[in-house]
Amino acid sequence: MKSSAAKDGESIGEAAARFGLETHVLRHWEDAGLLDPARDAAGRRRYVEGDSVRIAVILRNKAAGLSLDQIRVLLDDGAPDRHRVLEEHVAELDRRAADIAQARAMTEHALRCRAHDITECPRFRSHVADVLSGEARWLLVHTEPMGGPIPSSPSEATLVGESGRKPVALEVPRVGALNRCE
């Protein structure tokens, strides 16, 4: 960056190029209330370090799955529902992490299983037992047991249906124990 650019900030083209974005993206984020760059005497946007930090925060949080509305709340230190939005996002990240852990365990089992048809393997089927039994709702993004959030680890999986039925304990083998099925 040129010394005058360091003092006066970057143009919209320079800021967009720095982050690998198109200039219309920065304009959209400005229209959405996420950015408010200063203007020079000619009315051109000038992005200073604080703006660059906000752009980095927006990019990181979009990658983590936050919507622009959620990011706006995150960046607004006076937003009354800031903690609620962030707590909901942490819960969503936990659900996604559990889904990823389950998918990894299924994939590792499939790699090691000797069953010709993996769907016939009882140990492999244990990974989808909650979906098969109706104890989990299938959502486009994740599955969530009807009784509440997904347990933090698969070995803690105890599911309770909304019908008040007795809890169904799922025996989910540890990943290290998923050697070859006999």
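**Exercise 1.** Which residue just after α4 takes a positive phi?

Solution. The model is a predicted one. Just past the end of α4, G65 has a positive phi of about 100°.

**Exercise 2.** Which residues of α4 are buried, and what covers them?

Solution. 
- Step 1. D51, S52, I55, I58 and N61 are the buried residues of α4.
- Step 2. An α-helix has 3.6 residues a turn, so residues three or four places apart point the same way.
- Step 3. The cover over the buried residues of α4 includes the helices α2 (12-18), α3 (23-31) and α5 (68-75). The strands β1 (38-39) and β2 (45-46) are also among the elements that cover them.

**Exercise 3.** List the buried residues of α5 and name elements that cover them.

Solution. 
- Step 1. In α5, the buried residues are I71, V73, L74 and L75.
- Step 2. Among the elements covering these residues are α4 and α6.

**Exercise 4.** Where is R112, and which backbone oxygen lies 3.0 Å from a polar atom of its side chain?

Solution. 
- Step 1. R112 belongs to helix α6, which runs over residues 82-112.
- Step 2. With a relative accessible area of 34%, R112 is partly exposed.
- Step 3. The backbone oxygen in question is that of E108.

**Exercise 5.** How many disulfides does a search of the whole structure find?

Solution. 
- Step 1. The search finds zero disulfides.
- Step 2. For C113, the nearest cysteine sulfur is that of C121, 3.6 Å away.
- Step 3. A disulfide needs two cysteine sulfur atoms within 2.5 Å. C113 is therefore in no disulfide, as its nearest cysteine sulfur is 3.6 Å away.
- Step 4. C113 has 10% relative accessibility and so counts as buried. C121, at 3%, also counts as buried.

**Exercise 6.** Is S126 buried or exposed?

Solution. 
- Step 1. S126 sits in the loop between α7 (122-125) and α8 (129-132).
- Step 2. Buried means under 20% relative accessible area. The relative accessibility of S126 is 15%, so S126 counts as buried.
- Step 3. The S126 side chain reaches the backbone oxygen of R123 at 2.6 Å.

Conventions:
Residues numbered from 1 in each chain as written. Predicted model: local features only at pLDDT ≥ 70, side-chain atom pairs only at ≥ 80, totals over all residues. Heavy atoms only, no water. Helix = DSSP H or I, 4+ residues; strand = E, 2+ residues; numbered from the N terminus. Buried < 20%, exposed > 50% of the residue type's maximum accessible area, 1.4 Å probe, protein only. Polar contact = N/O pair within 3.5 Å; in protein donor to acceptor, adjacent residues only side chain to side chain. Contact = heavy atoms within 4.5 Å.
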